[in-house]
Amino acid sequence: MLKPGAFWNLCATMTELNNIKIITHKYFMKNLSIVALSLVALAATQGCKMKSTESAVSGDAASKVYVAPGKYDEFYTFVSGGFSGQVSVYGIPSGRLLKVIPVFSQNPENGYGYNEETKPMLQTTHGFIPWDDQHHLALSQTNGEHDGRWLFANANNSPRVARIDLKSFTTEEVLEIPNSGGNHSSPFITENTEYVIAGTRFAIPIGNAEASLSNESFKANFKSTVSFIGVNQESGHMGISFQVILPGMDLDLSRAGKGPSHGWFFFSTYNTEQASTLLEVNASQKDKDFIVAINWKKAEEYVKAGKAKKMATEYYHNTLNHETHMATSEIIKEVLTLDPNESKDFVYLIPCPKSPHGCDVDPTGEYIVGSGKLAALIPVFSFKKITDAIAAKTFEGEYYGIPVIKYEAALHGEVKKPGLGPLHTEFDGKGNAYTSFFVSSEIVKWSIKDLKILDRVPTYYSIGHLMVPGGDTKKPYGKYVIAYNKITKDRYLPTGPELAQSAQLYSIEGDKMQLLLDFPTIGEPHYAQGILASKIKDQNVKIYDINKNKHPYVSMGEKATKVTRVGNRVDVYMTAIRSHLTPDNIEGVQVGDEVYFHVTNLEQDWDVPHGFAVKHADNAELLVMPGETATLKFVPKKSGVYPFYCTDFCSALHQEMQGYLRVSPKGTATPLKWGTGKTDPEPVAAK
Amino acid sequence: MSRKFLFLSFLSFALIVASCGGNSEQPAQTQGSTLKEPGEDDANKVAASDPSVGIGKYDKVELSTPLDNGMIKAGEQAYDVKCGSCHKLTDEKLVGPGWKGVTERRKPEWIMNFVTNVDVMLDKDAEAQAMLEVCMVRMPNQNLSDAEARSLLEFMRHNDGVK
């Protein structure tokens with residue numbers, strides 16, 4: 001029986017959280033009037049017609065998500081960590097959390113951004129940034145299919161793009177984006193990973209210039225930029241090939257063309273009204289904003305012909321080397337820019353209703369689906385019609401000198417009355433599209449060819465992005481769609497004001513979508529990517545080869561351990577192996593010394609990291625992978641004896657994996673002395 | 001559809017499910033795959049034939065004299081990085097037993113199998129298990145290559161006075 005409060009909670013969820021005044025969802029309106037009559041009577045006799053969990057989940061759901069102990073999931077999914085700044089990895093269909101990959105935030109679990117080796121990864125032109133906001137992900141592709149090499153991630157706040165290596169599941173590279181006000185329209189990629197894209201969400205004055213804040217100043221001074229980041233196909237290393245400078249507006253999401261539309265990139269926009277304040281109202285005035293279509297092959301030709309301008313700027317390029325185990329930062333001082341008013345005919349605008357979010361290209365590459373957050377329909381554009389319209393110059397005008405194609409000329413058709421608040425669309429490779437609806441909390445399945453609605457299922461609650469594994473590629477795996485919801489509310493046991501976010505797994509194998517599973521996620525899941533596990537798992541790095549360790553402070557075996565002093569800098573070359581640290585007794589350190597513990601894990605076995613912690617170290621701890629060297633900086637503030645130990649359970653004698661650092665007052669003559677002492681009790685010869 | 005009806009339907013469904021409790025039908029086992037320990041099957045065959053050579057791919061190791069100096073040197077390097085933390089070159093036990101006399105106590109095949117097939121040996125070989133009971137720390141699998149293992153064996157023989 002529905003509890004008296006349950007219906008009210010559900011409806012309250014919808015009103016509070018959607019924060020809109022135009023709720024017209026028929027179930028809601030119907031029920032709202034009933035509520036007005038008698039809440040108690042309603043609760044007793046009339047259920048909210050939003051499906052409850054019991055009715056939405058049919059009997060065989062459990063067996064479809066059950067992955068027996070010791071068995072593997074069929075898919076890896078990589079899920080953005082939103083405001084956590086990290087990326088999480090889940091197995092599908094089980095929904096089991098496999099790993100959190102630190103990318104744009106310090107990570108206390110493994111020392112990313114805390115240890116001396118990885119601090120440079122979070123360096124920017126504005127210093128060390130410990131926490132960012134991570135929204136979208138893109139798996140590398142070859143011929144429009146996942147190739148399992150890399151995963152790209154955007155930092156939404158301080159504009160950056162990261163590359164994660166899918167052998168080690170570590171962030172290997174972070175590239176800062178100049179002339180960007182917030183890297184939202186990113187990191188979508190072309191079908192052979194030629195480019196990763198970085199489009200600015202906030203228009204800003206170019207070159208970090210100052211300008212007054214008013215709608216007039218916005219129109220006069222603010223610009224949007226799109227950076228095309230080239231990717232070295234061997235190393236994966238990224239570099240900004242060129243930037244396109246666009247009129248000031250907000251770039252939201254983007255997708256590369258594929259197949260016939262390969263060579264083009266499409267961006268959704270909002271705030272083409274060009275407001276600097278109260279965008280909630282001021283950026284929602286026009287019936288239509290734009291989809292920006294950029295012919296990047298033509299842009300490449302302009303760059304090759306020397307048409308791009310060198311602009312002085314500054315941005316960081318941080319890379320992690322798995323042989324030195326260290327990250328280094330390089331500061332790049334210029335960027336090439338292309339102005340569509342000077343180099344003509346490679347940028348076009350297509351009107352799209354109304355503040356579009358999703359801008360998704362179907363697996364054939366022919367159809368581009370715009371999802372206007374405030375629109376009551378979904379426009380589907382045809383790439384062929386777009387190119388025909390460009391050839392015939394079927395334009396309705398210009399926007400700051402850029403041709404605007406006539407809406408009807410580019411349109412394949414509209415999906416009528418699909419739901420409220422369409423956000424994002426993915427595809428199953430069988431001619432069907434799946435669009436998320438934030439306001440009406442549902443996924444709608446429709447046919448691309450005839451634009452007919454085929455099915456709809458509720459989500460709990462307020463879905464943002466959705467993801468079909470491979471759903472943005474030429475060959476979607478087409479088995480599941482996963483909803484990434486903004487609101488969890490009553491779905492799990494309550495944990496105070498702060499709740500986990502939620503994902504929901506649906507089967508799309510049959511004609512009707514079927515809800516299979518809820519599972520919590522870290523941070524806020526925006527977009528995600530899913531790939532067959534078989535494309536990644538066998539290339540997995542299990543250890544780092546100690547013989548290839550080129551860390552400048554590595555200890556190649558215990559014989560190489562030592563402690564050195566230069567001025568007030570003390571370097572401790574330490575090794576860890578089950579189950580002792582060498583040296584484990586260190587004397588001669590003074591208050592105020594900068595002590596660097598360089599801990600080399602001598603293990604060469606999978607899943608045997610060692611941890612390292614020193615009492616009252618106000619920086620961090622370490623977690624050191626087999627064959628790796630990691631460094632903790634410790635500046636003791638008071639004299640005394642400081643215990644240190646291994647923090648990651650490693651063997652039956654893990655608890656014994658400990659030692660002492662003696663810290664003397666500044667200026668004392670205690671000599672440096674170190675070692676791992678004589679065996680005690682007296683040695684016993686083993687047979 | 002009323003809540004009540006739904007609830008009753010669910011209840012009856014639950015009862016039906018419950019009444020099938022003794023059913024031997026297995027839950028879906030087909031999701032994904034398991035990682036197979038490579039070479040484990042071969043390893044067991046060897047074990048069955050001669051326990052004193054241990055379990056692994058080495059059933060015959062050719063030894064020769066005089067010792068190969070290149071291998072001794074490579075073996076010592078590998079020892080320093082991967083073994084010396086726990087094994088002394090004397091007969092003194094540290095974490096593991098000292099290496100003095102090891103080539104007299106063990107067949108070369110057993111040594112080669114132990115250092116290259118550590119986990120299987122610790123789980124199944126009686127001699128290795130007996131050592132684990134004394135040392136109480138599982139010998140780490142140090143991922144030795146075949147060449148490294150053979151060099152270590154040469155270094156052990158050198159340490160035991162073989163010329």
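Phe104(A) is buried, with a relative accessible area of 0%, where buried means under 20% relative accessible area, exposed means over 50%, and partly exposed lies in between, for a 1.4 Å probe and protein chains only. This is a predicted model, in which local features need pLDDT of at least 70 and side-chain atom pairs count only at pLDDT 80 or more, whereas totals for chains, interfaces and linings use all residues. Residues are numbered from 1 along each chain as its sequence is written, chains are lettered from A and ligands numbered from 1 in the order in which they are written, and side-chain values use heavy atoms, with hydrogens and water left out. Phe104(A) sits in the loop between β3 (96-101) and β4 (123-124) of chain A; helices (H or I, at least four residues) and strands (E, at least two) are DSSP runs numbered from the N terminus. Between the C-alpha atoms of Phe104(A) and Gly127(A), which are 23 residues apart along the chain, the separation is 13 Å.

Chain B has eight helices and zero strands, and 41% of its 163 residues count as buried. Among the contacts of chain B with a separation of 6 or more, 65% are between residues 24 or more positions apart, a contact being heavy atoms within 4.5 Å.

The structure holds four cavities of 30 Å³ or more. A cavity is a set of points, on a 1 Å grid over the protein atoms alone, where a 1.4 Å probe fits but cannot get out, and its lining residues have an atom within 4 Å of a point; grid points are joined across faces, edges and corners, and the volume is the space filled by probe spheres set on the points. The largest cavity contains about 480 Å³ of space, and of the 33 residues that line it, the closest to its centre are His87(B), Pro97(B), Trp99(B), Phe114(B) and Met139(B). Helices of chain B that each supply at least two residues of this lining include α3 (69-83), α5 (108-116) and α8 (146-159). By class, the lining of the largest cavity has 23 nonpolar, four polar and six charged residues, where Ala, Val, Leu, Ile, Met, Phe, Trp, Tyr, Cys and Pro count as nonpolar, Asp, Glu, Lys and Arg as charged, and the others, Gly among them, as polar.

The second largest cavity has a volume of about 100 Å³, and its lining residues include Phe188(A), Arg255(A) and Asp472(A). To this lining, β6 (134-142) and β13 (250-256) of chain A each supply at least two residues.

The peptide bond from Thr582(A) to Pro583(A) is cis, with omega near -5°, and Pro583(A) lies in the loop between β36 (580-582) and β37 (585-590) of chain A. In chain B, a cis peptide bond joins Thr65(B) and Pro66(B), with omega about -5°.

Technical notes:
On a 1 Å grid over the protein atoms alone, a cavity is a set of points where a 1.4 Å probe fits but cannot get out, and a pocket is an open set with protein on both sides within 12 Å along at least five of seven lines; lining residues have an atom within 4 Å of a point.
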